[in-house]
Amino acid sequence: AVPNLETVEMPAPTPTPPRPQLVPEAPRRVERPSGPGFQANLFGPVEAAPRRADTAISAPAPKRPRTRREPSATPAQLQQSLNFQEPHTAKTAVAASVYTDSPVAIAAHRAMAAAIDMAMAAAALAVFLATFRAAGAEFDLTKATAPYYIAAAVLISLFYRVLFCIANIDTPGVCWTGLRVVDFDGRTPSRRQRWFRLLGGFVSAIAAGIGLLWAMVDEERLTWHDRISNTFPTPRFY
């Protein structure tokens with residue numbers, strides 16, 4: 001026999017309060033603007049701020065066609081000419097050899113400078129003869145010994161000139177007369193030009209002095225040694 005069980009009523013379960021649940025959000029669709037508001041990005045599309053409706057996109061102004069301006073003058077006429085000095089000409093309308101504005105020294109100043117240099121060479125010769133006499137030698141000027149004395153005088157005078165050629169400076173006669181030697185361009189002559197001047201002066205002297213007197217008939221008052229060496233004496237203040 002089945003025992004008579006009393007029916008036991010179970011208490012009703014306590015309702016659980018609803019809790020917030022995570023609802024998956026639908027993917028947001030980003031619409032790409034068709035205008036310049038879209039900006040490309042390495043990490044995906046980025047929504048830029050929309051352009052205001054009242055902002056009108058101004059169309060670029062049409063470019064004006066460039067007109068080619070015809071030159072009013074040729075390039076040769078537009079180029080400025082350089083202000084070159086006019087070529088020097090002699091009195092006979094022949095192209096001159098001297099291109100500088102420094103004048104050639106007059107014959108009186110040349111003669112004075114040559115006289116002072118000759119006096120300096122004569123003083124050196126006197127010192128040589130005095131030393132020769134102090135050594136106990138006797139002067140016997142005869143036809144046989146005269147060439148030796150003349151040769152000694154020429155060599156001492158030549159040595160006097162050679163010293164200033166080696167030093168590349170003017171002689172005391174030129175300096176004391178207020179002159180200076182320049183080339184045909186007005187610059188200080190080189191040592192080579194001074195050697196040619198010395199050689200030309202020797203040629204002018206042994207040609208019966210014609211090379212020195214040539215300055216009296218020359219258009220530019222130049223002597224032979226002036227033209228041989230392309231140098232001439234001029235006043236120092238020029």
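The following legends describe close-up views of a predicted model.

Local features are reported only at pLDDT of at least 70 and side-chain atom pairs only at pLDDT 80 or more, whereas totals for chains, interfaces and linings use all residues. Residues are numbered from 1 along each chain as its sequence is written, and side-chain values use heavy atoms, with hydrogens and water left out.

**View A. Strands β1 and β2 run antiparallel.** Strand β1 (residues 179-183) is joined to β2 by five bridges; strands are DSSP runs of E with at least two residues, helices are runs of H or I with at least four, and both are numbered from the N terminus. Two strands pair if DSSP finds at least two bridges between them. Val182 has Phe232 as its bridge partner in β2. Strand β2 (residues 231-235) is largely enclosed by the rest of the structure, because five of its five residues are buried (under 20% relative accessible area, with exposed over 50% and partly exposed in between; 1.4 Å probe, protein chains only). Thr231, Pro233 and Pro235 point one way from β2, and Phe232 and Thr234 point the other way.

**View B. The largest nonpolar core has six residues.** Its members are Val98, Val104, Val182, Phe184, Leu222 and Phe232. A nonpolar core is a set of buried Ala, Val, Leu, Ile, Met, Phe, Trp, Tyr and Cys residues joined through side-chain atoms within 4.5 Å. A second, separate core has five residues, including Ala105, Ala113, Leu179 and Val181.

**View C. Ala113 lies in helix α2 (residues 107-134).** Ala113 counts as buried, at 5% relative accessibility. Not counting residues up to four places away in sequence, Ala113 touches Gly173, Val174 and Thr177 (contact means heavy atoms within 4.5 Å).

**View D. The largest pocket has a volume of about 1,300 Å³.** A pocket is an open set of points on a 1 Å grid over the protein atoms alone, with protein on both sides within 12 Å along at least five of seven lines; lining residues have an atom within 4 Å of a point. Among the 37 lining residues, Ala114, Arg161, Leu198, Gly201 and His225 are the closest to the pocket centre. Helix α2 supplies the largest share of the lining, nine residues. At least two lining residues come from each of α2, α3 (146-167), β1, α5 (191-206) and α6 (210-213).

Notes:
On a 1 Å grid over the protein atoms alone, a cavity is a set of points where a 1.4 Å probe fits but cannot get out, and a pocket is an open set with protein on both sides within 12 Å along at least five of seven lines; lining residues have an atom within 4 Å of a point. Grid points are joined across faces, edges and corners, and a volume is the space filled by probe spheres set on the points.
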